Amino acid sequence: MIEVKAPGKLYLAGEYAVVETGYPAILVALNQFVRVSVEASKDYGSIISRQYQEDSLYWRRQGNQMVFDNRDNPFHYILSGIKITEEYARLLGKEMLCYHLKIDSDLDSPDGKKYGLGSSAAVTVATVKALCAFYELPVSKDQLFKLAAIAHFEVQGNGSLGDIAASVYGGFLAYHSFDRTWLTLARKKYSLTEIIELAWPQLQIELLEPPENLSLLIGWTGSPASTSHLVDAVGLKKAEKQRLYTSFLTQSKQCLELIIQGFHENSLTLIQDGLQQNRHALADLAGFSKLEIETPKLSRLIQIAESFGGVAKSSGAGGGDCGIVVLNKQIPSQQVYTKWLAEGIEPLDLQVHNVTE
Ligand SMILES: Nc1ncnc2c1ncn2[C@@H]1O[C@H](COP(=O)(O)OP(=O)(O)O)[C@@H](O)[C@H]1O
Ligand SMILES: C[C@@](O)(CCOP(=O)(O)OP(=O)(O)O)CC(=O)O
């Protein structure tokens with residue numbers, strides 16, 4: 001039996017701008033996982049998720065095809081991960097097999113709360129990783145990223161795919177998004193084996209070493225908003241308010257360069273300065289897009305963090321969900337947590353996860 005796991009993530013900076021080809025974001029992988037196991041089977045295969053038990057899917061193999069009843073199944077990312085990995089396996093001359101795939105996830109709490117830690121990305125990465133192991137396909141992290149990014153992109157159709165990178169590489173990383181229009185065309189022109197060997201236009205992934213004194217705190221404010229809805233709303237403003245949008249992109253890039261420099265120079269101060277500026281850039285974007293990215297509860301989370309010398313901002317698409325704080329390790333996190341709890345903000349006591357294998 002094959003068992004693998006892939007971590008969830010949070011955005012530290014660069015949200016929205018990273019959706020534009022080549023623009024950077026900083027992400028961090030966290031010790032909350034999606035776990036996938038694969039076990040060979042004989043007559044039929046299955047996909048069973050602990051979080052979606054009522055939606056278990058049973059399938060049979062007809063040659064290279066998986067045959068199943070496709071009504072109302074929620075396993076789009078998993079099925080896309082399977083499709084891409086099997087396409088790759090066939091190109092490497094592997095025979096298609098039957099198997100039971102089981103999924104379990106820490107990313108949504110048992111009481112159904114969604115923390116916005118990137119479950120669709122982690123589930124896609126874990127599925128691709130598990131099937132690569134099952135079919136004995138040797139894949140580097142770069143290749144795993146590319147296979148999982150294709151699988152995710154072919155379902156969601158937008159987004160920067162930064163969450164896939166965080167789930168594959170782990171730790172803190174600087175991610176510059178690749179040209180997704182190129183990928184769509186490349187999928188028609190090249191085979192999967194060729195695509196995952198190619199350098200993808202504009203893609204850059206750099207692992208970052210955090211300064212020793214950096215502590216990362218996470219607070220959850222509830223009321224998650226729809227990321228794709230927010231991203232689409234910004235897409236609309238991009239055309240309507242070109243000047244403001246371009247200035248947001250420039251601002252975001254400048255902050256990100258400062259933060260990356262902070263990581264390179266082990267400077268907590270530079271990282272904090274960059275995060276602060278990124279918060280302001282996102283406020284400008286929210287202003288001219290008429291969106292609420294930093295909700296009143298996120299603002300409270302940030303004010304409390306600032307009263308302890310921390311720098312904080314919304315994480316990801318915003319409109320609720322998580323806020324992140326970067327502060328000096330010397331400040332006990334419990335002090336911040338107590339104040340948050342008093343205001344109904346839930347501290348998520350998570351650690352940075354480094355992918356070692
Ligand atoms: N435990 C799981 N089992 C099966 N599919 C999952 C699981 N967790 C997440 N998914 C898939 O990911 C989707 C959630 O994606 P999305 O709403 O984009 O969340 P996120 O923003 O956390 O990535 C679900 O609809 C489902 O398709
Ligand atoms: C706006 C974004 O830059 C960041 C969104 O991050 P979130 O963490 O809010 O979203 P999910 O990964 O779907 O949970 C869009 C993107 O980069 O795709």
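Select helix 1 to begin: its 16 residues should span 22 Å at 1.5 Å a residue, and its end C-alpha atoms are 23 Å apart, which agrees. The expected span is 1.5 Å times one less than the number of residues. Helices (H or I, at least four residues) and strands (E, at least two) are DSSP runs, numbered from the N terminus.

This is a predicted model, in which local features need pLDDT of at least 70 and side-chain atom pairs count only at pLDDT 80 or more, while totals for chains, interfaces and linings use all residues. Residues are numbered from 1 along each chain as its sequence is written, and chains are lettered from A and ligands numbered from 1 in the order in which they are written.

**Stay on helix 1.** Color its buried residues, among them Tyr-77, Ile-78, Leu-79, Tyr-88 and Ala-89. Buried means 20 or more other C-beta atoms within 10 Å of a residue's own; exposed means 12 or fewer, and partly exposed lies in between, with C-beta atoms placed from the backbone. Now show what covers these residues: strand 3 (45–49), strand 6, helix 2, helix 3 (141–156) and helix 6 (192–197) are included. Step past the end of helix 1 to Gly-93, whose phi is positive, near 80°.

**Move to helix 2.** Select residues 119–134. The 16 residues of helix 2 reach 22 Å from first C-alpha to last, close to the 22 Å expected. Of these, 14 are buried, so helix 2 is largely enclosed by the rest of the structure. Glu-136 follows helix 2, and its phi is positive, near 55°.

A residue is near a molecule if its C-beta atom, placed from the backbone, lies within 6 Å of it.

**Show ligand 2.** Around it are 15 residues, with Gly-159, Ser-160, Thr-227, Gly-316 and Ala-317 nearest. Helix 4 (162–169) and helix 7 are the elements that give two or more residues to this shell. Its makeup is 6 nonpolar, 7 polar and 2 charged.

**Select helices 7 and 9.** Helix 7 (residues 227–240) packs against helix 9 (residues 268–289) at about 75°, with the axes 10 Å apart. That makes the two roughly perpendicular, a term for angles of 65 to 115 degrees. Ala-233, Val-234 and Lys-237 in helix 7 meet Leu-285, Phe-288 and Ser-289 in helix 9. Such contacts need C-beta atoms, placed from the backbone, within 7 Å. The residues of this contact are 4 nonpolar, 1 polar and 1 charged.

**Find Phe-263.** Look in helix 8 (residues 242–264). Phe-263 is buried, with 22 other C-beta atoms within 10 Å. Beyond its neighbours within four places in sequence, Phe-263 is in contact with Phe-172, Leu-208, Glu-209, Pro-210 and Ile-271.

**Finish at Tyr-337.** Select helix 11 (residues 333–342), where Tyr-337 is found. Is Tyr-337 buried or partly exposed? With 18 C-beta neighbours inside 10 Å, Tyr-337 counts as partly exposed.

Technical notes:
Axes fitted to C-alpha atoms, helices over the stretch in contact; angles between N-to-C directions. Parallel < 35°, antiparallel > 145°, perpendicular 65-115°, else oblique. Contact = placed C-beta atoms within 7 Å. Nonpolar A, V, L, I, M, F, W, Y, C, P; charged D, E, K, R; others polar.
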